[in-house]
Amino acid sequence: MNIPQSNLSRIVIVGGGFAGVNLAKTIANKNAQVVLIDKHNYHTFQPLLYQVSSSGLEPDSIAYPLRKIIKKHKTSFFRLAEVEQIVPENNEIITSIGHLSYDYLVIATGTKTNYFGNKAIQSNSMPMKSVPQALNIRSLILQNFEKAAIADTKEEREAYLNFVIVGAGPTGVELAGAIAELKNNILPRDYHDLDPDDMHIYLLEGAERVLPPMSEHASKKAEKFLTKLGVKVRCNTVVKHYDGSTVTTNSDLKMESETLIWAAGVTGAPIQGLKAEALMEKTNRYNVNQFNQVEDYPNIFAVGDIALMTLEDYPKGHPQVAQPAIQQGKLLGKNLLRLIDNKSMKPFVYKDKGSMATIGRNKAVVDLKHYKFGGFFAWFVWMFVHLMSLVGFRNRVIVLFNWTYNYINFDKAARLIIRPFKK
Ligand SMILES: Cc1cc2nc3c(=O)[nH]c(=O)nc-3n(C[C@H](O)[C@H](O)[C@H](O)COP(=O)(O)OP(=O)(O)OC[C@H]3O[C@@H](n4cnc5c(N)ncnc54)[C@H](O)[C@@H]3O)c2cc1C
């Protein structure tokens with residue numbers, strides 16, 4: 001892999017997500033050689049993927065080149081590769097571009113979409129975990145609008161205009177709101193040959209309320225905002241089967257739809273090679289101690305979504321959201337430098353900064369530890385937090401410009417089928 005030998009300890013980080021990037025930044029230009037490996041050459045800001053799917057933002061504005069993050073640091077290297085296996089006996093990894101030895105290995109591979117073993121749903125639904133997948137959804141939505149415009153019958157037209165989103169966590173709620181904005185603001189103007197009343201957006205949730213990880217206050221408000229936008233919210237509804245045309249649920253709700261977006265869950269994306277006990281089978285997350293050390297492997301660490309640190313306050317591990325990943329990445333960076341200096345590591349303590357979700361063009365719900373609120377001000381807070389969390393000044397400027405433009409013009413300017421999606 002052409003990584004030079006040096007006297008410095010080599011820290012190999014697999015995954016340039018929130019955890020991996022924050023770790024790589026913390027240890028750059030310090031007493032270690034850093035090798036960051038990712039199967040993409042960019043960092044993805046996943047919280048805004050839904051805006052790419054719904055034509056609100058161009059994909060480039062939520063992605064950031066990983067090489068740019070480490071470019072100034074002479075002891076840091078990036079390799080574009082998929083890590084296929086860990087060989088802990090040899091302190092080595094096997095990747096799609098060759099083998100590499102490590103002194104310390106950090107697994108920061110995040111999660112992948114969980115279909116809960118349903119092969120039909122896996123084959124026919126649209127996941128939204130990466131930029132290419134978000135672009136597939138964008139193309140499919142726009143292609144379906146075009147097909148609806150030339151459909152011969154009302155039934156056929158409605159199948160193209162029925163959009164089913166499964167999972168009413170923050171991702172599903174935000175996407176449903178954004179697609180409703182397409183119906184309310186874009187369809188009447190761009191597609192005057194279509195009747196917006198023929199378009200239906202269903203948000204299906206297996207739990208008894210939307211936004212199950214958030215407070216009941218947030219949940220009630222979000223459902224109210226969604227319903228006002230025209231989204232048909234159905235809780236206690238589990239999708240059982242989808243063959244690409246017909247959606248079958250656990251109730252008598254059944255519908256024809258050419259688009260089913262699967263936002264119902266994730267599972268860890270582990271790498272082969274460690275013994276079975278290192279992994280919590282149900283969630284595919286590595287069991288780690290308070291220093292993010294994988295059980296029984298003193299020089300292998302896991303951070304972010306892939307790490308399961310069970311503590312009294314977090315018996316099921318930390319929530320799989322950006323903040324634990326960022327905080328663990330930063331602390332592990334400091335801890336690895338302490339280890340190299342023969343100092344003891346500091347345990348991880350999560351600082352919960354709250355959670356939020358936006359609904360449509362000017363509403364959001366925010367849960368802070370002692371204060372919960374929703375509406376326009378919450379939306380403002382949501383915008384500010386997301387803007388400031390984006391990686392790269394250029395991306396922040398572009399996103400701010402797009403949001404302002406879209407807000408003033410009731411527009412979603414990225415309505416382009418650049419790469420048609422074939423079902
Ligand atoms: C659609 C969506 C919306 C979300 N919205 C929010 C939100 O609003 N707020 C919030 O806090 N959180 C949100 N999250 C969750 C948040 O994005 C994750 O918690 C966070 O990204 C976890 O960071 P991570 O570094 O652990 O993993 P990730 O950010 O997933 O990064 C993992 C990286 O590892 C790479 N990788 C994986 N396997 C390999 C391999 N074998 N070889 C090489 N590279 C590999 C991947 O390419 C990726 O770059 C959302 C997630 C999704 C999918």
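**Close-up views of a predicted model**

At 18% relative accessibility, Asn136 counts as buried (under 20% relative accessible area, with exposed over 50% and partly exposed in between; 1.4 Å probe, protein chains only). The model is predicted: local features need pLDDT of at least 70, side-chain atom pairs count only at pLDDT 80 or more, and totals for chains, interfaces and linings use all residues. Residues are numbered from 1 along each chain as its sequence is written, and side-chain values use heavy atoms, with hydrogens and water left out.

**View A. Asn136 sits in helix α5.** Helix α5 covers residues 131-149. Helices (H or I, at least four residues) and strands (E, at least two) are DSSP runs, numbered from the N terminus. Asn136 touches Met126, Arg419 and Phe421, not counting residues up to four places away in sequence. Contact here means heavy atoms within 4.5 Å.

**View B. Helix α5 packs against helix α6 (residues 154-161).** The two axes come within 8 Å and cross at roughly 170°. Axes are lines fitted to C-alpha atoms, for helices over the stretch in contact, and angles run from 0 to 180 degrees between N-to-C directions. α5 and α6 are therefore roughly antiparallel to each other. Angles under 35 degrees count as roughly parallel, over 145 as roughly antiparallel, 65 to 115 as roughly perpendicular and the rest as oblique. From α5, the contact uses Asn144, Phe145, Lys147 and Ala148. From α6 come Arg157, Tyr160 and Leu161. By class, the contact has four nonpolar, one polar and two charged residues. Ala, Val, Leu, Ile, Met, Phe, Trp, Tyr, Cys and Pro count as nonpolar, Asp, Glu, Lys and Arg as charged, and the others, Gly among them, as polar.

**View C. Helix α1 (residues 18-27) packs with helix α9 (residues 322-340).** Their axes lie 7 Å apart, at an angle of about 30°. α1 and α9 are therefore roughly parallel to each other. On the α1 side, Phe18, Ala19, Asn22, Leu23, Thr26 and Ile27 make the contact. The α9 side includes Ala322, Ala325, Ile326, Gly329 and Lys330. Leu332, Gly333, Lys334, Leu336 and Leu337 of α9 also take part. The contact residues of α1 with α9 divide into 10 nonpolar, four polar and two charged.

**View D. Pro324 lies in helix α9.** Pro324 is buried, at a relative accessible area of 3%. Leaving aside neighbours within four places in sequence, Pro324 is in contact with His318, Pro319, Phe348 and Tyr350. C-alpha to C-alpha, Pro324 and Asp305 are 8.0 Å apart in space and 19 residues apart in sequence.

**View E. Helix α10 (residues 376-389) packs with helix α11 (residues 393-409).** The angle is about 150°, and the axes are 9 Å apart. That makes α10 roughly antiparallel to α11. Phe376, Trp379, Trp382, Met383, His386, Leu387 and Met388 of α10 make the contact with Arg396, Val399, Leu400, Trp403 and Tyr407 of α11. Its residues divide into 10 nonpolar, one polar and one charged.

**View F. Ring pairs link Phe376, Trp379, Phe380 and Tyr407 into a cluster.** The structure holds 14 aromatic pairs. Tyr371 and Phe373 form a stacked pair, with ring centres 4.9 Å apart and planes at 25°. Rings of Phe, Tyr and Trp (its six-membered ring) pair if their centres lie within 6.5 Å; planes under 30 degrees apart count as stacked, over 60 as edge-to-face and the rest as tilted. Phe373 is buried, with a relative accessible area of 10%.

**View G. Lys412 is found in the segment after α11.** Lys412 is buried, with a relative accessible area of 14%. Beyond neighbours within four places in sequence, its contacts are Ser54, Ser55, Gly56, Ala178, Glu181, Leu182, Ile186 and Asn406. Lys412 and Asn402 are 10 residues apart in sequence and 8.5 Å apart in space, C-alpha to C-alpha.

**View H. Asn2 has a positive phi of about 60° although it is not a glycine.** Most residues other than glycine have a negative phi. Asn2 is found in the segment before β1 (9-14). Asn2 is exposed, with a relative accessible area of 71%. Phi of Asn284 is near 60°, also a positive value in a residue other than glycine. Asn284 is found in the loop between β20 (279-280) and β21 (285-287). Asn284 is partly exposed, with a relative accessible area of 21%.
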